[in-house]
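Biologist: Please take me through this structure, and for each term you use, tell me what rule lies behind it.

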Amino acid sequence: VDCQSESFRYPQLYSPGQQNLYFNKKVFVRCMMHSWYSSLILFFIPWAAMHDTVRDDGKDIADYQSFALLAQTCLLVVVSVQLCLDTYYWTAVNQFFMWGSLAAYFAVSFTMYSNGMFLIFTSAFPFVGVARNSLNQPNVWLTIFLASLLCLLPVVAFRFILIQLRPTINDKLRHKVQMEALPAPAPRRPPPRRISTRRSGYAFSHAQGYGNLVTSPPGWSPGQTFTLKLSQYSNWWCFLADECRCHCESVHMNIYRI
Amino acid sequence: MGKDKTKSGPLAQRPDNSAFKQQRLPAWSPMLTANTVLPFFYFMTLICLLLGVWLLLTVQSTQELKLDYTDAGDCKVCYETRLNASNAAQACSCTKEFQLKKTFKGDVFFYYGLRNFHQNLRRYMDSRDDAQMVGRKKSLKTPSSYCQPFANDPDGRPIAPCGAVANSIFNDSFTLTYHGSSGSTIPVPLLRKGITWYTDKNIKYRNPTTENLTLAQVFNGTTKPPFWQKPVYDLDLLDPNNNGFINDDLIVWMREAAFPNFKKLYGVLNRMNKPFTNGLPAGNYTVKISYNFPAQYFRGRKEVVLSTLTWFGGQNYFLPIAYLVTSGLTLLLAIMLTVVWWKFGKNGKNMEE
């Protein structure tokens, strides 16, 4: 559909890509520094937490296999949360894959370290019992929590500072969209007077209408606020300076659960 | 798919006009704004502070005593004896006295510790045969090639258990005595069972099935590792269920430590009888060590550790202190972010296009 996305409304959004602002030497060095710092945290925090301690019943926890599982789990958690920070649009698909991948990690670990796998493929799965014996220790989970905090808080702080001091075009746009979305929920208004002479024919064709999207969208939970961009709404106006001669205006609605 | 595509030509391949296929799914678009980030940072400060204080109080309630006995006092003679490998069959023992200033309340765990012993060396860790230790007859007679050079003895007989890990088992033994206030000498009873993981004792290590044979007969045709004094089926003469591959000390040793300085469980205080019903009373103690393990070859130290535990484990101050430090750093960061936001970004000052 034409006249739909932000990139038509704000063609300046294309300029960071053209100016190589997303991936250049500076960004690469920054990425390397971040991974260097994360690697140090992901090894030395588990090392220091485990090197002189035992389980709560006195048995071993500072063994090679338990330490490996701990470092691996810290890494998985940090990477998942980092991915969450980088995801800007959370649809149902994103939610499924995000939580699903964490769940899959634990499912696969427990399967690999189960009795059955050890007895069938003995030399390939020697870590039998490790997941069961180390992941039930609060000590281990507190270490994972600490390692995640130390890896992720600097990232959040850094991004926040950048948004405050040097917002990019993306940040400004999202801020603007958020400001526009703040007014009270607009009721469905009757079609305003049309100024345009040309509008997209697709908007008024065979579609069944999107009333159901407004009244009961999928995946809704109480109190959650969505900023929905309804592209095929009956009062569809798109506004595009210079390029396109059609005058439309997109309807941003802030919809609260009734 | 139920729609009839009456048109042919360029528009016939259009995907359905559903939310999923037209990428119009309802989406939540979070942003890093001041009214989410700043409270989050202050909240994390609080959480870390509370956790740090709680863990510090928990760890402070544990008690630990470490005794290095490599070449201290009596044990120097044994240390010198063990320098020479030909003295390996000769027994040597020494004693070390220590004093507990405060009673060790609750369950007391007795560990032996080694320093500078790299059980995490790759070639060392590979030198074992898990299939043999899980009781497969075929692996008993033909150990894996990873166990070389500890797979067969010079006469060609297979070694059980094979490999460098089993060969280097820690073989010092300890007896603890309490010198009561009235001058009496009471041996401290230690429970030497139940020191392994359940999965290790019952799944990972199994003796080959015996049917009507004794354990010694099952191991017929194999030989003991070169550094061992007793064969594997005679490791515990008191308890027949603790012999063979399921011997507790062997299992504890075979779980390789991650770091060069480690401790492994030797026994738990038996609190059935007085005066040990509440733990180890304060006073003078003697530990008698049967000194067999030579430490000088890896330039290491040997020690004995006595420790009480909590739900958090042993006495390790790192995590409480790390949480307190993280709390302080997060507070600094939060303050800095608040200042930056207030001066530069409040009310969208910077957000002009």
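**Cysteines, a loop residue and a helix pair**

Biologist: What makes B:Cys48 count as buried?

Modeller: Buried means under 20% relative accessible area, whereas exposed means over 50% and partly exposed lies in between, with a 1.4 Å probe and protein chains only; B:Cys48 has 0% relative accessibility, and therefore counts as buried. This is a predicted model, in which local features need pLDDT of at least 70, side-chain atom pairs count only at pLDDT 80 or more, and totals for chains, interfaces and linings use all residues. Residues are numbered from 1 along each chain as its sequence is written, chains are lettered from A and ligands numbered from 1 in the order in which they are written, and side-chain values use heavy atoms, with hydrogens and water left out.

Biologist: How do you know that B:Cys75 and B:Cys94 are joined by a disulfide?

Modeller: The term applies to a pair of cysteine sulfur atoms within 2.5 Å, and those of B:Cys75 and B:Cys94 are 2.2 Å apart, S to S.

Biologist: Why is the disulfide of B:Cys78 and B:Cys92 called left-handed?

Modeller: The sulfur atoms of B:Cys78 and B:Cys92 are 2.0 Å apart, and the torsion about their S-S bond is about -90 degrees, so the disulfide is left-handed. This pair links distant parts of the chain, since B:Cys78 is in helix α2 of chain B and B:Cys92 in the loop between α2 and β2, 14 residues apart.

Biologist: What makes B:Cys162 buried?

Modeller: B:Cys162 has 2% relative accessibility, so it counts as buried. B:Cys162 forms a disulfide with B:Cys147, their sulfur atoms 2.0 Å apart.

Biologist: What is the pairing when the bonded cysteines of chain B are numbered in sequence order?

Modeller: With that numbering, the pairing is 1-4, 2-3, 5-6. A:Cys151 is in no disulfide, and the nearest cysteine sulfur, that of A:Cys74, is 8.3 Å away.

Biologist: Is B:Asn120 buried, exposed or partly exposed?

Modeller: B:Asn120 has a relative accessible area of 24%, and is therefore partly exposed. B:Asn120 lies in the loop between β4 (108–115) and α3 (122–126) of chain B, and, leaving aside residues up to four places away in sequence, it touches A:Tyr64, B:Met125, B:Ala257, B:Ala258, B:Phe259 and B:Pro260, where contact means heavy atoms within 4.5 Å.

Biologist: At what angle do helices α4 and α8 of chain A cross, and what is that arrangement called?

Modeller: The axes of α4 (residues 64–86) and α8 (residues 138–165) of chain A come within 9 Å and cross at roughly 30 degrees, which makes α4(A) roughly parallel to α8(A). Angles under 35 degrees count as roughly parallel, over 145 as roughly antiparallel, 65 to 115 as roughly perpendicular and the rest as oblique. The helices meet through residues including A:Cys74 and A:Val77 in α4(A), and A:Ala147 and A:Cys151 in α8(A).

Key: Axes fitted to C-alpha atoms, helices over the stretch in contact; angles between N-to-C directions. Helix = DSSP H or I, 4+ residues; strand = E, 2+ residues; numbered from the N terminus.
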